[in-house]
Amino acid sequence: MIESNSMPKAVVIGMPGAGKTRLGRETATLIKAPFRDTDQCIEEEAGQSVSEIFDAQGEQAFRDMETGVILDLLKDFSGGILSLGGGAPMSTEVFQALQEYRRAGGAVVYLQIDPEEGVSRAVRSDHRPLLRGAASERWMALYRERRSVYQELATITLKSRNTTPRALARRLADALTERVVHVSGPDPYDVRIGAGVTGRLHEMLGDQAMRVALIHTQPVQRHSDHARALLRQAGYQVVDLTIPDAEAGKTIQVSQGIWERLATEGFTRSDAVVGLGGGAATDQAGFIASTWMRGIRYVNCPTSLLAMVDASTGGKTGINLEQGKNLVGSFYTPAGVLADLRALRTLPNEIFVEGLGEVAKSGFIMDGGILRELEERAESLRSFDGQESDQWLGTVVQDLIERTVEVKARHVSVDLKESGLREFLNYGHTLGHAIEKIEHFTWRHGQAVSVGMVFAAELARITGHLDQDVVDYHRQLLSSLGLRTWWNGGDFDQVLALMHRDKKARGNKLRFIILDGLGEPTHLDDPPVSALKEAFQAIRKEE
Ligand SMILES: NC(=O)c1ccc[n+]([C@@H]2O[C@H](COP(=O)([O-])OP(=O)(O)OC[C@H]3O[C@@H](n4cnc5c(N)ncnc54)[C@H](O)[C@@H]3O)[C@@H](O)[C@H]2O)c1
Ligand SMILES: O=C(O)C(=O)C[C@@H](O)[C@H](O)[C@H](O)COP(=O)(O)O
């Protein structure tokens with residue numbers, strides 16, 4: 001039986017001369033994995049070259065050896081990259097084993113080569129026994145016979161045309177390290193997390209759209225330029241829309257400007273939106289997508305940590321009003337989310353750190369593993385520098401993003417419109433949003449939520465739900481990550497009035513999310529004002 005913990009990470013298949021061995025070897029080097037080529041394994045075992053085995057024992061003997069080697073390696077080559085001989089998948093046993101390998105989660109990579117190129121390489125090569133004699137005719141005949149088998153088995157197809165072996169290996173390495181979180185519900189979609197996933201924009205947008213509105217902010221210009229180039233390459237007419245940065249981009253005036261532009265550009269119902277940037281840009285882009293002609297397709301490309309772990313997923317779209325945060329919006333799910341880790345290279349440290357606030361939130365409400373990871377890595381995470389982030393840190397960040405998006409997905413998959421369970425994702429936000437407003441959005445969202453979580457923990461303690469040590473743990477963990485745990489702005493009455501505009505409030509009654517313990521969120525309805533005041537005092541710091 002093929003088991004995921006001992007099988008190879010990828011198996012490369014394709015025609016003779018496609019470059020499978022080179023692709024496999026270079027990819028293995030990039031991802032620091034072992035590499036095997038089945039022809040080479042057979043030659044080592046037999047002490048003869050493939051041609052010599054063909055000449056001395058015939059093709060069938062070679063195929064039997066090949067099948068044996070492949071079946072063994074599929075069971076026992078943990079995390080390696082395996083390149084197969086071109087004809088291997090044509091054997092029923094190997095074909096079925098590759099199907100089983102796929103079912104176990106393995107990646108079968110079909111390296112496609114243009115027939116003209118394949119033929120010209122075949123003519124030049126003199127060591128392939130099956131191509132002896134009329135090499136070009138033999139190659140074409142094999143190609144016709146094998147092509148559909150390769151296509152049927154492939155989970156990843158790479159075309160060698162117009163690219164270098166190095167670039168192909170890079171693409172494969174990216175694809176193999178990508179993580180996918182599936183969000184289910186009425187309109188299911190995937191969140192893809194990995195270096196280079198922006199390359200999947202076309203796949204996610206689909207072929208229906210003719211025009212694409214690319215909504216982004218100026219600080220992420222470099223990433224939007226890349227996305228625009230990919231969209232144009234894929235044949236879309238791209239309308240580039242640079243909106244004001246951060247919360248200044250989440251206003252009705254900005255929405256109005258975009259709607260008018262879409263009208264001028266002739267956007268129809270089959271056209272699409274791409275939101276690229278931090279959470280503010282993706283919130284506005286989603287809002288536009290949900291309102292234009294009552295809803296068109298959109299894909300989010302988050303570029304900040306916070307947008308990757310939270311804002312881009314779940315379909316809460318919206319804008320702010322002078323009176324408060326996110327007061328206008330909709331629940332409208334994206335067609336997909338592409339969290340490209342390469343975007344983090346340009347992310348300033350303080351914006352990375354604020355994103356850790358929402359990561360910690362997911363830990364507090366659901367996933368103790370996130371909390372442990374944050375505790376262990378606090379120092380390196382707090383000093384994250386995208387430019388210098390080594391591979392180790394990159395993997396940690398990818399893990400944290402994946403885990404946090406899992407937490408989000410678990411909530412929004414069953415309660416898209418926030419009738420109960422989803423409200424837990426709002427931990428720390430009732431006060432957090434009030435702080436953002438009172439501070440005229442000079443405080444970053446994640447920092448405000450961090451203080452909001454300490455407030456919620458204090459409130460839980462005061463109302464008899466939580467022990468002091470868990471409240472202390474909030475302060476200690478959040479501050480170790482570089483997040484704020486106190487706030488001296490505003491006054492209680494101002495804060496109370498703003499908290500009444502929170503979307504969890506019903507009538508005159510406030511509703512908070514608090515914890516009964518780590519990973520045990522619950523609702524607290526209509527707490528006494530005295531308790532709120534005491535919790536408010538507890539987040540003030542003597543200066
Ligand atoms: N819809 C939701 O479910 C949800 C969830 C959480 C937060 N939010 C919203 O998200 C917003 C906060 O998101 P945010 O923290 O990303 O803030 P943001 O969107 O204001 O981005 C912060 C800053 O970082 C810049 N930036 C983003 N990516 C960058 C990159 N790769 N390189 C350089 N600069 C980059 C932005 O342009 C901006 O200047 C808030 O409006 C919040 O309400 C929404
Ligand atoms: O997705 C959710 O649900 C959340 O509450 C996630 C929050 O982290 C996020 O800040 C959200 O935008 C808050 O929404 P709001 O309804 O409180 O405005």
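# Burial, ligand shells and backbone angles

Me: Which residues of helix 4 are called buried?
Reply: In helix 4 the label goes to Phe62, Arg63, Glu66, Thr67, Val69, Ile70, Leu73 and Leu74. Buried means under 20% relative accessible area, exposed means over 50%, and partly exposed lies in between (1.4 Å probe, protein chains only). An α-helix has 3.6 residues a turn, so residues three or four places apart point the same way.

Me: What kind of model is this, and how are its parts numbered?
Reply: This is a predicted model, in which local features need pLDDT of at least 70 and side-chain atom pairs count only at pLDDT 80 or more, while totals for chains, interfaces and linings use all residues. Residues are numbered from 1 along each chain as its sequence is written, chains are lettered from A and ligands numbered from 1 in the order in which they are written, and side-chain values use heavy atoms, with hydrogens and water left out.

Me: How do you know what span to expect of helix 4?
Reply: The expected span is 1.5 Å times one less than the number of residues. Helix 4 (residues 59–75) has 17 residues, and its first and last C-alpha atoms are 24 Å apart, close to the 24 Å expected. Helices and strands here are DSSP runs (H or I, at least four residues, for helices; E, at least two, for strands), numbered from the N terminus. On that count the protein has 21 helices and 16 strands.

Me: Why is Thr38 called buried?
Reply: Thr38 has 0% relative accessibility, so it counts as buried. The residue lies in helix 2 (residues 38–46). A polar atom of its side chain is 3.3 Å from the backbone nitrogen of Gly85. A polar contact is a pair of N or O atoms within 3.5 Å; within protein, one must be able to donate a hydrogen and the other to accept it, and residues adjacent in sequence count only if both atoms are side-chain atoms.

Me: Why is Lys32 called exposed?
Reply: Lys32 is at 66% relative accessibility and therefore counts as exposed. Its place is the loop between helix 1 (20–31) and strand 2 (35–37). Although not a glycine, Lys32 has a positive phi of about 55°.

Me: Which side-chain contacts does ligand 1 have?
Reply: The side chain of Glu354 has an N or O atom 2.2 Å from an oxygen atom of ligand 1. For Asp245 the corresponding distance is 2.4 Å, and for a polar side-chain atom of Thr217 it is 3.2 Å. The protein covers 94% of the 860 Å² of accessible area that ligand 1 has on its own.

Me: What makes up the shell around ligand 1?
Reply: By class there are 10 nonpolar, nine polar and 11 charged residues. Elements that each supply at least two residues include helix 12 (279–291), helix 13 (305–311), strand 13 (324–331) and helix 14 (349–365).

Me: Which side chains contact ligand 2?
Reply: An oxygen atom of ligand 2 is 2.9 Å from an N or O atom in the side chain of Asn326. Asn326 is in strand 13, and its phi is positive, near 55°. For a polar side-chain atom of His445 the distance to an oxygen atom of ligand 2 is 3.0 Å, and for an N or O atom in the side chain of Lys503 it is 2.4 Å. Of the 430 Å² of accessible area that ligand 2 has on its own, the protein covers 93%. Helix 14 and helix 17 (429–438) give two or more residues to this shell, which divides into one nonpolar, five polar and seven charged residues.

Me: Why is His429 called buried?
Reply: His429 counts as buried because its relative accessibility is 5%. The residue lies in helix 17.

Me: Which residues does the UniProt "binding site" annotation cover?
Reply: The unreviewed UniProt entry gives Glu358, His429 and His445. They are spread over 88 residues of sequence but cluster in space, with a largest C-alpha distance of 10.1 Å. Such annotations may be inferred rather than shown by experiment.

Note on methods: Accessible areas come from the Shrake-Rupley method with a 1.4 Å probe; for residues, only the protein chains shown count as cover. Ala, Val, Leu, Ile, Met, Phe, Trp, Tyr, Cys and Pro count as nonpolar, Asp, Glu, Lys and Arg as charged, and the others, Gly among them, as polar.
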